[in-house]
Amino acid sequence: MSEAHAELGFLRKYVFSTDHKVIGIQYGITALVFLFFGFCLMMMMRWQLAYPGEPIPLVGGLLGETMVDRGAMLPNFYNQLGAMHGTIMVFMGIVPLAVGAFGNYIVPLQIGAPDMAFPRLNMASYQAFVIGGLVMLVSFLLPGGAASSGWTSYAPLAVFATSGQTFWLLGMLFLIASSLLGGINFIVTIIHLRAEGLTFFRLPFFVWSQLVTAFLLVLAFPALQAAAILQAMDRLAGTSFFLPSGLVVGGSAVAAAGGGSPLLWQHLFWFLAHPEVYVLILPGMGIVAEVIAVNTRKPLWGYKPMVYSLLFLGFLSFGVWAHHMYMTGMGTTMSTFFQITTMIISIPSVIILTCLVISLWGASIRFPVPMLFALAFLPMFGIGGLTGLPLGLAAPDAFLHDSYYVIGHFHYVVAPGTIFAMFAGIYHWWPKATGRHMNETLGRIHFWFSFLFMNGIFMPMMFEGMAGVSRRLFDPTIYTHAEAAHGLTIMTSWSAWGLALAQIPFVINFFWSMRKEERAEENPWQATTLEWATPTPPPHGNFVETPVVYRGPYEYSVPGAERDFSPQFVKQGV
Amino acid sequence: MNESQYGWWLPPNVSAHGDDIDLMINLIHWFMLALFVGWSIFIVFCLVRFRQRPGHAAVYEPIEARFNRWLEVGVAVAEAAVLIAFAMPVWAKVKNEFPATNTNPVIVRVIGEQFKWLFHYPGKDGKFGKTAAEYYADDNPAGLDFDDDDGIDDITVRGLHIPVGKPVIARLVSKDVIHSFKIPVMRITQDVVPGMEIPIWFEARSTGEFQIGCAQLCGLGHYEMKAKLTIESPKEFQRWLDEEHSALGL
Amino acid sequence: MSSTIVIPYQAEAHPLTGVTSGKLGIWIFLASEIMLFGALFSSYVLLRVGTGAEFWPSGVEAGLNVPIGTMNTLILITSSVTMVMSWASLKMDKLGAFKLYLGATIGLGSLFLVVKAFEYNAKFSHHIYPAVGWPEATDPSTFFGLYFTLTGLHALHILLGVLVNLWLLVWGVELWKTERVRFEGRIEISGLYWHFVDLVWIFLFPVLYLL
């Protein structure tokens, strides 16, 4: 498609743009705003958990009477915050940031393409995302409040819930549409638009991670779409896909035909939601791989096994979903199958992590801020992955299921895991996208305090889970064993508030670095991949001359070379 | 209830199969710790030894693949060992090896509803009456069909009493939404799914008073859906049961 | 900022895949649609097996009209043929024939929807709705919940296809004057989508009406 651009007006250039870089930044800013909102929800929850029944400081007086009673949180509002925190962070925060922002901005650059294969479809994806996000947020204003049945929306609870749940279903349909369209775009772009000489095994690991992620999105999300349609029919059209016969709620019989199955919802939901968690981590692994390669000045160790592990992981991720359902009364045959697949899927994850760790051996390691976040990712993702082991086996899971141990497990993977990778990416590619450098000192303060508080939040949760404390408890002091572990809750809450403060240097850095005059060079990190071949910042169309690729993505410290890096796009005397 | 027995790690175990589960949890965590410490030592060593400084360049291809292969195979073998030698047998025992009838298990029907647990015991005749969802009412919380003679002497109580040292079979049903029957000290958790009756078995090995909780979000009152578990000697249990039966005034 | 960017493989096939980007894209989209309808068919299987054979009505027992369903099936199959003919006409440079065949496809698709509307109306007038709660619903069952949901979603897909073809026939055809190959590609892509929606019906019809 040839697009002749006369000078575009402000709206066409910045709001309704089809340029993948503009769309990437739009995704990034929107996702960061949603992430911040989701974080605020949690900070309120953390007050109620640490000091149950106490009026919430600062905001308690501002909230409506359906939310607080004289400033102290009500159970209904707590459940809404819980459900929406998860939903917003996963679907409106991490996926749009990892895939929509980083994927859109970097992938075309790293493969030497002028844009994505379908620029207008790209714009439509972003718009669907915004609409879905707004529908989700608006639901807080409904009389019954937002969805409050967990981000997992289990039936029958969600079928009986207030209208906020219907908005959740509608919002999900838009968010899913956005991801489906985006996934198609990524797959076609990566397969078709690679520059000359850029064979598949010369692709940066980041591009591979986005390719597998896109397949997961395209093939797994439809199951949740189907489930959302069925749940919407149950709620609005009186069907009973998820309602068995004979339900009695609050003393009165439920007027439903019956014949449905609550477990059907769980199967459909988790069929998506397990691949979804790999969607949450793979782009992060990709970013960490890039940052580590650049800052170790040597090729990634085990690039090929890492790529094969990615592919194997993606394929296997469709076969483990019922490990979220061990406690639903399934027989031992089924649980054995899923325990086996779950154990097997841990292997490619371990391979990728180990290869990244071994990449440090024999290196020449630099420690700019992106590298700090990338390095921290390794042990943090390690803890997250390892704590998946007792959960993946049914017998220990009998004790740990739906406890704080689970919350700790998955947060270690996404919070000091993926989010640290996101920060690494922002600091790493900032000079290319904006032409400025972020301030190193502010970055280090941001990193060290974030690292401290992340662990302060999630490590106590492991112990809380071991102590038997269940999830989603409005007041954790009701149970004796939970009360005994309450000190851990208080530690977590103060760490969460500390983590919020720790982001201030980052926000300052964000805006302050934009005001500086000096321009960063084209390739400040002396990296080898194609995105560094563009002017800074890249113009519409990206490359001054169509790039040609001559070698692999991580040719650093090649014996006999002049410099300690040989870019993919430079034809040196071979 | 002795509050001081609870802390920041596993609560006391009063269940016959709890030792197996605790063994697995501990074993797996030692394995996790070993991997984590190993990785961390390696990482820190590299960060120090291979930091960028004058006179030290990176090595293009420093290590051969064999090292990694051993590690991978080792991890896979360890996981397979845990799975085959421990996880599957333990889980099979918990799920499938229900106590035989000649062990005289105590059978109780556990009903989860928003937001309380009910425990339905058979009457003096030892037989449960027929139940159906259509009979649930405020004065008939167990949903008994009163046309069935067997059910007239059944009792429904708010606290679970079980005798120590004898197997118990609990049949879990839900009236409304998904709940989850969790007793930390017994190391059992079982989702209670409407439309299904799910049996679980367990056996207590020491007496005491403990708590049962709901472990699956079930609505506004989920956080306070607790019940008392009383584990007592078989004599005391029988005495309690007799008292409840007499209280019916039949 | 003004520049011209050219995105390759819009009209020429990529050496690795042998197709244009648009065609690869629609195939991937259809893969996601297979997962969508697959999830719904799996739900049907799970619910039917869970209900038990004695309680699940066959299509005829439930009151579905097999002759009308058969007719609708033939309508859709014919529309797939006319869709192919419209594309073939383009490749033979016969614009008039193309418009005729595409118009026929749109007409047949719309006819399918009209017949479906009659079927739905017949059910509604006998108070058969998706289920309980609607005015005087009689004998609501999970069967009809599935029937309305599956055929309803399918009908939405037919409607989308009809609208896209309509746009291509009336406005999109402008592109024929300047970039023939690209326009042929668009018709081919629309055709692939249309064949898929037809294929879904070919599964839906026996599953709902005959089994």
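How many bridges join strand β9 of chain B to strand β10 of chain B, and in which sense do the two strands run? Strand β9 (residues 208–214) and strand β10 (residues 227–232) of chain B are joined by 5 bridges and run antiparallel; in β10(B), I231(B) is the bridge partner of G208(B).

This is a predicted model, in which local features need pLDDT of at least 70 and side-chain atom pairs count only at pLDDT 80 or more, while totals for chains, interfaces and linings use all residues. Residues are numbered from 1 along each chain as its sequence is written, chains are lettered from A and ligands numbered from 1 in the order in which they are written, and side-chain values use heavy atoms, with hydrogens and water left out.

**Sheets of chain B**

Strands and helices are DSSP runs numbered from the N terminus (strands E, at least two residues; helices H or I, at least four), and two strands pair if DSSP finds at least two bridges between them. The strands β9 and β10 belong to an open sheet of 5 strands in the order β4-β10-β9-β6-β7 (chain B), with mixed pairing. Because β4 (160–163) and β7 (188–192) of chain B stand at the edges with a single partner strand each, one side of each is left without a neighbour in the sheet. From one strand to the next the twist averages 20 degrees, where axes are lines fitted to C-alpha atoms, for helices over the stretch in contact, and angles run from 0 to 180 degrees between N-to-C directions. Helix α3(B) packs on this sheet, touching β4 and β10 of chain B, and its direction makes about 140 degrees with that of β4(B).

Another open sheet of 5 strands has the order β3-β2-β1-β5-β8 (chain B), again with mixed pairing. Here β3 (155–157) and β8 (198–203) of chain B are the edge strands, each with a single partner, so one side of each has no neighbour in the sheet. Neighbouring strands of this sheet are turned by 30 degrees against each other on average, direction ignored. Strands β1 (residues 106–113) and β2 (residues 116–121) of chain B pair in the antiparallel sense over 5 bridges, and I111(B) has L118(B) as its bridge partner in β2(B). Helix α3 (residues 234–247) of chain B packs on this sheet as well, touching β1, β2 and β3 of chain B at about 110 degrees to the direction of β3(B).

**Interfaces of chain A**

Contact means heavy atoms within 4.5 Å. Buried area is the accessible area (1.4 Å probe) that two parts lose on being put together, summed over both.

| Chains | Residues in contact | Buried area |
|---|---|---|
| A and B | 95 residues of chain A, 85 residues of chain B | about 7900 Å², 71% on carbon and sulfur atoms |
| A and C | 52 residues of chain A, 44 residues of chain C | about 3800 Å², 72% on carbon and sulfur atoms |

Of the 2 pairs of chains that touch, A and B have the most contacts. W361(A), F399(A) and Y479(A) supply 9% of the area that chain A buries against chain B, more than any other three residues. Between chains A and B there are 0 salt bridges, a salt bridge being a side-chain nitrogen of Lys or Arg within 4 Å of a carboxyl oxygen of Asp or Glu.

Across the interface of chain A and chain C there are likewise 0 salt bridges. On the side of chain A that touches chain C, α7(A) gives the most, with 10 residues.

No contact joins chain B and chain C, whose closest C-alpha atoms lie 11 Å apart.
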